[in-house]
Amino acid sequence: MMTQVYNGDLPYIFISYAHKDSDRVIPAIEAMQRKGYRVWYDCGVEAGTEWANNIAAHLHNCAAFAAFISDNSMASEHCLDEIAFAKKNLKPSLMIFLEENVTVPLGTDMNTARFQRMFFNRQTSVEAFVENLGTTPVFAPCIGEVSADTTPPIGTTPPEQPRPNKLPLIIGWAVAAIAVIVLSIVLFAGGSDNKPSDDPSDAATTTTAPADVQMSDNLMDCTFEMDGTVYKLPFDFSQLTDNGWAIIANDVTASTDIQALSYVVFSMEKNDRSIRVNAYNDTGNVLSVAESKISMIEVQAEEASGFRFTKDISPASSREDIIAAFGEPDKCDEKQNYELLTYTDKQYPQSSVTFKCYYEDNSLSIALKCTPDYRYTETNTAVPAYLADYRAPAALGDDLFSGTVLIEGVLYQLPAPLQVFLDNGWTLDTEFEYLVAGAVENVTLKKDGKKLSVNVKNFADYQTLPENCAAIALTFHDTARTEPELPGGIRFGMTLAEIEKALPASMERSDGEHATTFRYNAANDRGFTLTVSVRADGTVQTVYLNRTVWDYE
């Protein structure tokens, strides 16, 4: 089974596990995703140089690290390397034990002594496990809004766009990690020789496409033919409108904005036929749909007149036709109503093409997806005008949910310009040279040997420098020596009894084996989240403060 992985710009959890434990780990990951956690994990690709670089890049960029611990994972050099890498890079970490009495190598046991621990096998259900994750504040930045870059499960249609009654065959997509910003690339392909359409109506259709686009027999070349025109994903949105296709979605127009490295999904119509497409923004700035590239197209069987895929595969093809055209797949996965046939790109192990074959009725549809690589975008160093609207609070006050915090004698209110922290003596420690429009990244601020973990967001409509962004979340660890004070006098050094007395009853309490966590999450209150975690010994361990809406006037 392959569930979705997150490939966007928001904070996410890197999950380490042994593939031998997939039957236990994957259901847990799926439950985490249903709860809203953004996660990334290795989907069972073969090890190699590209694999190692891809794993390291995702682990380096994650906001939190979770390792499922078992005798299998402790016998895996890859799992041990991931744990060591997370430790070296100071990733907030949780060890999730799948079983009792696991033999942890002495060196790993020592290196992870400060990691939080949790026992999956003691949970009453995977749902209970996910609920108890709420007691782990290090995961708080990784739950909530999911960027449009999230890679959906192969063949999945969003709930708001249900499939017709006729069941389809989905020709899925390929995922390949290529660039620093875009960590997934999905490749599709099509075609035999460029034959004219057999449909007489197509001969009268005026179409446009680049003259050098030809059908390819290579599965990974992303070509297909529609109404006598050959397309190669990704291609400019204008190619569809120039060829007579029009948007029919109620909430999308050609002028609709698309955030950087994101997409919108909608339907288009021509001559009473419809297709579903992704319009993808492959730049670091906000673009309109009209300026975007088409990265996915889905054609239902009843709409498929004039559509042809590589080697003459079409919605009229069968499972046997697919195997005859491309050989035996690298992987077959039988489900209740369909079968997944997966072909992998041997040069790039993360790339694959999956055919989703539904059993009932032999009714087929075809979906192709190919997310383009990040298109170089010049970083605009101009300070966004909206940052000037920020006003520092005059007092700490008593409203715990105001987003106000006292740090090193200075008052801040979230969200706050990152430059305000820099003006107060903090220095920025990050490898990010820029943030694309709408992106959220985790950076570290340092001052006099103290550290502060900060999530920054680029609210501007253009790619810009980290210091031109806004701090939307702060994570304080007692080991980082940075001690905040919140309204009501909440601070490190307080006991559990004092915390209980100071916090309002509206905060949700979760009692875990190693910590008691109080959490308040109000998505409608400027996206405000507050988490306070208290160790079993009664000392405050972590404070997490988050406010995501910039609404200063």
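**View 1. Strand β1 of the predicted model, covered on both faces**. Strand β1 spans residues 13-16 and has both of its faces covered. Ile 13 and Ile 15 lie on one side of the strand and are buried.

**View 2. Strand β1 and its partners β2 and β3**. Strand β2, made up of residues 39-41, runs parallel to β1 and is joined to it by three bridges. Within this pairing, Tyr 41 of β2 is the residue opposite Ile 15. Strand β3, residues 64-69, also runs parallel to β1, and four bridges join these two strands. Here Ile 15 stands opposite Ala 66 of β3.

**View 3. The β-α-β unit containing helix α1**. Helix α1 covers residues 22-35 and forms, together with β1 and β2, a β-α-β unit. The unit is right-handed.

**View 4. The surroundings of Ser 70**. Ser 70 is located in the loop between β3 and α3, the latter comprising residues 71-74. Ser 70 has a relative accessible area of 0% and is therefore buried. Apart from neighbours within four places in sequence, the residues in contact with Ser 70 are Asp 21, Arg 24, Leu 98, Glu 99 and Val 102.

**View 5. The salt-bridge network of Asp 21, Arg 24 and Glu 99**. Salt bridges link Asp 21, Arg 24 and Glu 99 in a network; each of these residues is also in contact with Ser 70. Between Arg 24 and Asp 21, the closest N and O atoms of the salt bridge are 2.8 Å apart. Asp 21 is buried, because its relative accessible area is 1%. Arg 24 has a relative accessibility of 28% and so counts as partly exposed.

**View 6. The salt bridge between Arg 308 and Asp 312**. The closest N and O atoms of this pair are 3.1 Å apart. Arg 308 counts as buried because its relative accessibility is 11%. For Asp 312 the value is 35%, so this residue counts as partly exposed.

**View 7. The salt bridge between Asp 511 and Arg 509**. In this pair the closest N and O atoms lie 3.0 Å apart. Asp 511 is exposed, because its relative accessible area is 51%, above the 50% cut-off. Arg 509, at 38% relative accessibility, counts as partly exposed. A search of the whole structure gives 17 salt bridges.

Conventions
Residues numbered from 1 in each chain as written. Predicted model: local features only at pLDDT ≥ 70, side-chain atom pairs only at ≥ 80, totals over all residues. Heavy atoms only, no water. Buried < 20%, exposed > 50% of the residue type's maximum accessible area, 1.4 Å probe, protein only. Pairing = 2+ DSSP bridges. Right-handed = clockwise from strand over helix to strand, strands pointing away. Contact = heavy atoms within 4.5 Å. Salt bridge = Lys/Arg side-chain N within 4 Å of Asp/Glu carboxyl O.
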